[in-house]
Amino acid sequence: MDYKKTKAPKNTLTRDMNQMTQKVGNVYETVAIISKRANQISQALKRELDSKLQDFSMPQDALDESFENKEQIEISRSYERMPKSTLIATQEFIDDELMYKVSSRDDQLK
């Protein structure tokens, strides 16, 4: 998924938890689903950013010299401007774009 084209807000919004928990039935499970997805998104974004910045890596000898690479700075800034992974995951949950399995209480008691 292209996280740069997400319609998630860039700022934190107040959400109605009663409305969000209607799909799952439990606040804890709702938060657990969103947090697991946010972790997946965060890891994917980190891998993507690391692969893009690897082009700019230098050997140890060149680390003593400090210089600015405008392309590297622009890539980093573009990732900083993106919505946070928790906001993307929450928007995906609200838009019913997540697949998850909710365990029933009967399964837990056995």
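The model is a predicted one. Helices H2 (residues 27-53) and H3 (residues 70-81) pack at an angle of about 170°, with 10 Å between their axes, which makes H2 roughly antiparallel to H3. Helix H4 (residues 85-94) has 8 of its 10 residues buried and is therefore largely enclosed by the rest of the structure.

**Packing of H2 with H3**
- On the H2 side the contact is formed by Leu45, Glu48, Leu49, Lys52 and Leu53, which meet Gln72, Ile75, Ser76 and Tyr79 of H3.
- Sorted by class, the contact of H2 with H3 comprises 5 nonpolar, 2 polar and 2 charged residues.

**Surroundings of H4**
- The buried residues of H4 are Ser85, Leu87, Ile88, Ala89, Thr90, Gln91, Glu92 and Phe93, and what covers them includes H2 and helix H1 (17-20).
- After H4 comes Asp96, which has a positive phi, near 60°.

**Salt bridges**
- The count of salt bridges comes to 5, among them one between Arg37 and Glu92, whose closest N and O atoms are 2.7 Å apart.
- Because Arg37 lies in helix H2 and Glu92 in helix H4, this pair ties together parts that are 55 residues apart in sequence; both Arg37 and Glu92 are buried.
- Glu48 forms a salt bridge with Lys52, with the closest N and O atoms 3.8 Å apart, and the two are separated by about one helical turn because they are 4 residues apart in helix H2.
- Glu48 is partly exposed at 29% relative accessibility, and Lys52 is partly exposed with a relative accessible area of 29%.
- Arg81 forms a salt bridge with Glu74, the closest N and O atoms lying 3.4 Å apart; Arg81 is partly exposed at 45% relative accessible area, and Glu74 is partly exposed at 42%.

Note on methods. Residues are numbered from 1 along each chain as its sequence is written. This is a predicted model: local features need pLDDT of at least 70, side-chain atom pairs count only at pLDDT 80 or more; totals for chains, interfaces and linings use all residues. Side-chain values use heavy atoms; hydrogens and water are left out. Axes are lines fitted to C-alpha atoms, for helices over the stretch in contact, and angles run from 0 to 180 degrees between N-to-C directions. Angles under 35 degrees count as roughly parallel, over 145 as roughly antiparallel, 65 to 115 as roughly perpendicular and the rest as oblique. Contact means heavy atoms within 4.5 Å. Ala, Val, Leu, Ile, Met, Phe, Trp, Tyr, Cys and Pro count as nonpolar, Asp, Glu, Lys and Arg as charged, and the others, Gly among them, as polar. Buried means under 20% relative accessible area, exposed over 50%, partly exposed in between (1.4 Å probe, protein chains only). A salt bridge is a side-chain nitrogen of Lys or Arg within 4 Å of a carboxyl oxygen of Asp or Glu.
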